[in-house]
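Subject: Structure for your review

Dear colleague,

Please find below the structure that I am handing over to you, followed by an account of what was found in it.

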Amino acid sequence: MDGMKLSDSECRLICAIWEDEPVNSTELVRRCEQKYGWKKSTTYTILKKLEQKGAVENRDASVVSLVNRQQVMEQEGRDLLGRMGSSLPDFFAAFLKDRKLTKEEAARIYRMIQDVEE
């Protein structure tokens with residue numbers, strides 16, 4: 001997954017795959033039409049791109065992911081911070097500017113910070 005960049009459409013498709021994999025490719029086309037308004041050709045084009053990147057496999061009309069949600073989230077987060085030229089604290093502050101955390105969310109984030117502290 002390192003260095004693999006996914007477009008917005010590729011992210012949407014892989015999320016649809018994660019919802020219930022393995023998923024039949026015909027069913028995936030139906031879901032993407034309902035969810036995103038995509039035509040069959042659009043879904044298959046994006047699926048082919050994901051296959052070429054090594055993110056999914058489509059064998060015998062059964063589609064499975066070869067990367068997990070956590071891997072993609074980590075890469076997307078690194079890419080976003082890199083594009084923005086931002087520090088993690090600055091990004092976090094901007095993200096939370098108009099949002100309140102629940103006690104559970106705050107506790108979970110606090111535990112994550114403690115786990116990675118040097």
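What radius of gyration does the chain have, against that of a compact globule of 118 residues? The chain has 17 Å, whereas such a globule would have a value near 13 Å; the radius is taken over C-alpha atoms, and the globule rule is 2.2 Å times the number of residues to the power 0.38.

This is a predicted model, in which local features need pLDDT of at least 70 and side-chain atom pairs count only at pLDDT 80 or more, while totals for chains, interfaces and linings use all residues. Residues are numbered from 1 along each chain as its sequence is written, and side-chain values use heavy atoms, with hydrogens and water left out.

**Overall architecture**

Along the principal axes, the C-alpha atoms occupy a box of roughly 45 × 30 × 25 Å. Of the 118 residues, 25% count as buried (buried means under 20% relative accessible area, exposed over 50%, and partly exposed in between, with a 1.4 Å probe and protein chains only). The chain contains 6 helices and 3 strands, arranged along the sequence as α-β-α-α-β-β-α-α-α. These elements are DSSP runs numbered from the N terminus, helices being H or I with at least four residues and strands E with at least two.

**The sheet and its hairpin**

The 3 strands form an open sheet in the order 1-3-2, with antiparallel pairing; two strands pair if DSSP finds at least two bridges between them. Strand 1 (23-24) and strand 2 are the edge strands, each with a single partner, so one side of each has no neighbour in the sheet. Strand 2 and strand 3 (residues 62-65) are joined in the antiparallel sense over 4 bridges. Within this pairing, Val 56 stands opposite Ser 65, and Arg 59 stands opposite Ser 62.

The hairpin of strand 2 and strand 3 has 2 residues between the strands. Asp 60, in the loop between these strands, has a positive phi of about 55° although it is not a glycine, and is exposed at 74% relative accessible area. Ala 61 lies in the loop between strand 2 and strand 3; its phi is positive, about 65°, although it is not a glycine, and Ala 61 is partly exposed at 34%. For context, most residues other than glycine have a negative phi, and most peptide bonds are trans. The peptide bond from Glu 21 to Pro 22 is cis, with omega near -5°; Pro 22 is located in the loop between helix 1 and strand 1.

**Salt bridges**

Glu 10 belongs to helix 1 (residues 8-19) and Lys 53 to the loop between helix 3 (40-52) and strand 2 (56-59), so the pair ties together parts that are 43 residues apart in sequence. Glu 10 is buried at 4% relative accessible area, whereas Lys 53 is partly exposed at 33%.

A salt bridge also joins Lys 35 and Glu 19, with an N to O distance of 2.1 Å. This pair links distant parts of the chain, Lys 35 being in helix 2 (residues 25-36) and Glu 19 in helix 1, 16 residues apart. Lys 35 is partly exposed at 46%, and Glu 19 is partly exposed at 47%.

Because the two are 3 residues apart in helix 2, about one helical turn separates them. Salt bridges with shared partners connect Asp 20, Glu 27, Arg 30 and Arg 31 into one network.

**The largest pocket**

The largest pocket has a volume of about 1200 Å³. Of its 22 lining residues, those closest to the centre are Met 73, Leu 88, Phe 91, Phe 92 and Met 112. The elements giving two or more residues to the lining are helix 4 (69-84), helix 5 (88-96) and helix 6 (103-116), and helix 4 gives the most, with 8 residues. A pocket is here an open set of points on a 1 Å grid over the protein atoms alone, where a 1.4 Å probe fits, with protein on both sides within 12 Å along at least five of seven lines; lining residues have an atom within 4 Å of a point. Grid points are joined across faces, edges and corners, and the volume is the space filled by probe spheres set on the points.

By class, the lining has 14 nonpolar, 2 polar and 6 charged residues (Ala, Val, Leu, Ile, Met, Phe, Trp, Tyr, Cys and Pro count as nonpolar, Asp, Glu, Lys and Arg as charged, and the others, Gly among them, as polar).

Yours sincerely

Note on methods:
Salt bridge = Lys/Arg side-chain N within 4 Å of Asp/Glu carboxyl O.
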